[in-house]
Amino acid sequence: MNLLDIGPDALATTQPAFFRFRAIGDKVLLTNLEGRWVVLDDEQFGLFARGEVEEGTPLHELLSRENFLRETFDEAKAAEMIRARRTFLDAGPNLHVLVVTLRCNTTCVYCHASRANMDQVQTDMTPEIAEKAVDLILQTTSDYVTIEFQGGEPLVNFPVVQHAIEYALEKNKSIGKQLEFTMVSNFALMTEEKLDYLLDKRVQLCTSIDGPADLHDAVRKLPRADGSAHAHAVKWTKRINARYREMALEETLYHVEALVTVTRDLLHRERELVDTYSQLGCRALFLRPLDPFGFADKTAHLIEYPREDYLEFYRRTVDYIIEQNKQGVEILERYAAIFLTKILNGEDPNFLDVRQPGGAGIGQLAYSYDGQVFTCDEGRMLDAMGDSSFLLGDVWKSSYRDIVGHETVRAVVIAGQLDAHPDCVNCAFNPYCGIPPVHSHKIQGSIWGRKRESSLCHVHKGILDYLFEKLAEADPETLEVLRRWTTTRSRDHFLHQVTVGAV
Ligand code: SF4
Ligand code: SF4
């Protein structure tokens with residue numbers, strides 16, 4: 001048939017509507033613009049691609065239901081799903097990272113935060129800067145506001161953490177945001193007194209556990225006199241979880257969140273890693289590969305690894321986690337949960353680093369100890385490495401409008417839209433993916449980046465291949481586990497809700 005012969009009659013048959021495809025094992029995955037998907041065998045794919053799917057067949061019914069055929073294409077249904085995947089665009093920055101100090105008592109070989117030694121008191125945020133930052137934060141157009149205390153080690157400058165919390169709670173009485181606080185800490189400087197305060201203010205606590213003790217202590221080093229970093233993290237994780245239980249708080253909602261940074265020596269110890277987490281009562285494990293920020297850039301020769309090795313580790317680890325779930329242990333892998341929520345539920349869990357456009361400037365802002373404001377925490381880390389490309393202003397001189405309307409924010413929003421990227425435009429994983437422009441800028445020298453050479457694209461493709469293989473295998477028990485992981489955990493219990501005028 002000549003192209004010119006394709007008239008309206010030809011298009012009115014079972015011609016494919018817009019689709020992207022990718023081989024998954026011996027099957028073919030199809031995804032459409034709104035992120036619906038089907039897995040076909042070769043013969044079915046041939047019928048579909050040639051427009052020869054017969055009406056009344058199960059294949060026709062499946063493709064029609066999932067919006068892959070022109071004749072039954074439902075534009076309103078597609079638009080509704082695309083809208084559901086982008087609801088975050090209606091809000092504004094909801095995550096606000098407050099770097100209350102660069103000082104840290106620990107020395108991690110990969111430190112992304114560009115820590116400073118404990119005597120560098122000039123890297124402490126002052127109460128005045130904290131107040132100015134909170135003034136900006138509460139101007140966000142988002143109804144939900146999370147203030148995340150980061151460092152360095154935030155417990156080093158605990159008085160400013162307290163001051164920021166008190167000031168934000170007081171100021172919010174007349175503003176009425178749904179406000180919550182989180183803190184990322186190594187717990188080595190935690191005391192019962194500090195914990196009392198943090199629990200009283202419902203601060204969600206998060207720490208790092210990089211595997212079993214020997215491995216954790218090899219990459220996260222405390223001065224010898226202060227003992228083992230792993231022992232501190234484990235002791236306080238258990239203690240905090242016990243305090244939640246004493247307060248009769250529901251364990252699935254209240255527990256310490258822990259993060260792992262995958263370094264080279266962890267790649268063959270996946271079972272020990274998962275067991276360490278589940279024995280601590282952690283419900284989630286986030287298998288994050290190393291980021292190229294901070295000290296990790298300088299120590300790469302010691303701790304980095306090819307992404308192929310990481311992906312093999314990822315497959316083995318998640319296989320083991322699934323096995324554990326089948327035996328009644330409730331623990332999920334966070335990357336998988338983020339992607340599965342998009343794939344199976346048709347919604348976006350608003351994880352800022354894996355969405356389109358990304359969260360920089362429109363989903364998050366980072367406030368450094370000295371009052372400088374950045375698109376994101378990674379932008380702040382890059383500044384510490386001498387690259388101020390993601391600097392938006394400062395808490396003294398910049399208005400909220402100056403910051404969110406900054407040309408850098410506009411640039412990263414455009415660059416974070418994958419439909420405009422040569423590689424992504426044809427990638428079957430496009431509806432579920434997202435690459436932070438700050439990552440492309442760091443590793444490829446451009447916020448746009450070249451995805452086929454991007455290590456993060458490689459990681460996303462590898463994880464999504466694995467997940468779609470599991471979905472295509474369709475083992476009922478595995479599917480049940482994967483579906484459970486998509487349930488978005490409510491965080492309402494950490495919120496400070498205020499009815500304006502009622503206090
Ligand atoms: S990663 Fe965190 S705990 Fe480790 S050195 Fe850096 S700031 Fe300190
Ligand atoms: S970044 Fe890579 S995996 Fe993601 S949509 Fe683009 S090409 Fe696909």
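The following conversation goes through several features of a predicted model and the criteria behind them.

Colleague: What makes a feature of this predicted model count?

Modeller: Local features need pLDDT of at least 70 and side-chain atom pairs count only at pLDDT 80 or more, while totals for chains, interfaces and linings use all residues. Residues are numbered from 1 along each chain as its sequence is written, and chains are lettered from A and ligands numbered from 1 in the order in which they are written.

Colleague: Why is helix H14 called mostly covered?

Modeller: H14 spans residues 377–384, helices here being DSSP runs of H or I with at least four residues, and strands runs of E with at least two, numbered from the N terminus. A residue is buried if 20 or more other C-beta atoms, placed from the backbone, lie within 10 Å of its own, exposed if 12 or fewer, and partly exposed in between. Six of the eight residues in H14 are buried, namely Asp 377, Glu 378, Gly 379, Arg 380, Met 381 and Leu 382.

Colleague: What do the buried residues of H14 pack against?

Modeller: They pack against strands E4, E6, E14 and E15 and helix H17, where contact requires C-beta atoms, placed from the backbone, within 7 Å.

Colleague: What makes strands E12 and E16 edge strands?

Modeller: Two strands pair if DSSP finds at least two bridges between them, and the open sheet of nine strands has the order E12-E10-E8-E7-E6-E4-E14-E15-E16, with mixed pairing. E12 (287–288) and E16 (391–394) each have a single partner strand, so one side of each is left without a neighbour in the sheet.

Colleague: How do you know that E8 and E10 pair?

Modeller: Three bridges join E8 (residues 203–208) to E10 (residues 257–261), against a requirement of at least two, so the pair qualifies; the two strands run parallel, and Ser 208 stands opposite Leu 259 in E10.

Colleague: Which residues surround ligand 1, and how do they divide?

Modeller: Its shell, taken as residues whose C-beta atom, placed from the backbone, lies within 6 Å, includes Cys 104, Thr 106, Glu 153 and Arg 220. The shell divides into four nonpolar, five polar and three charged, with Ala, Val, Leu, Ile, Met, Phe, Trp, Tyr, Cys and Pro counted as nonpolar, Asp, Glu, Lys and Arg as charged, and the others, Gly among them, as polar.

Colleague: Which residues are closest to ligand 2?

Modeller: Of the 13 residues surrounding ligand 2, the closest are Asp 423, Cys 424, Cys 427, Cys 433 and Cys 457, and its shell divides into seven nonpolar, three polar and three charged.

Key
Two residues are in contact if their C-beta atoms, placed from the backbone, lie within 7 Å.
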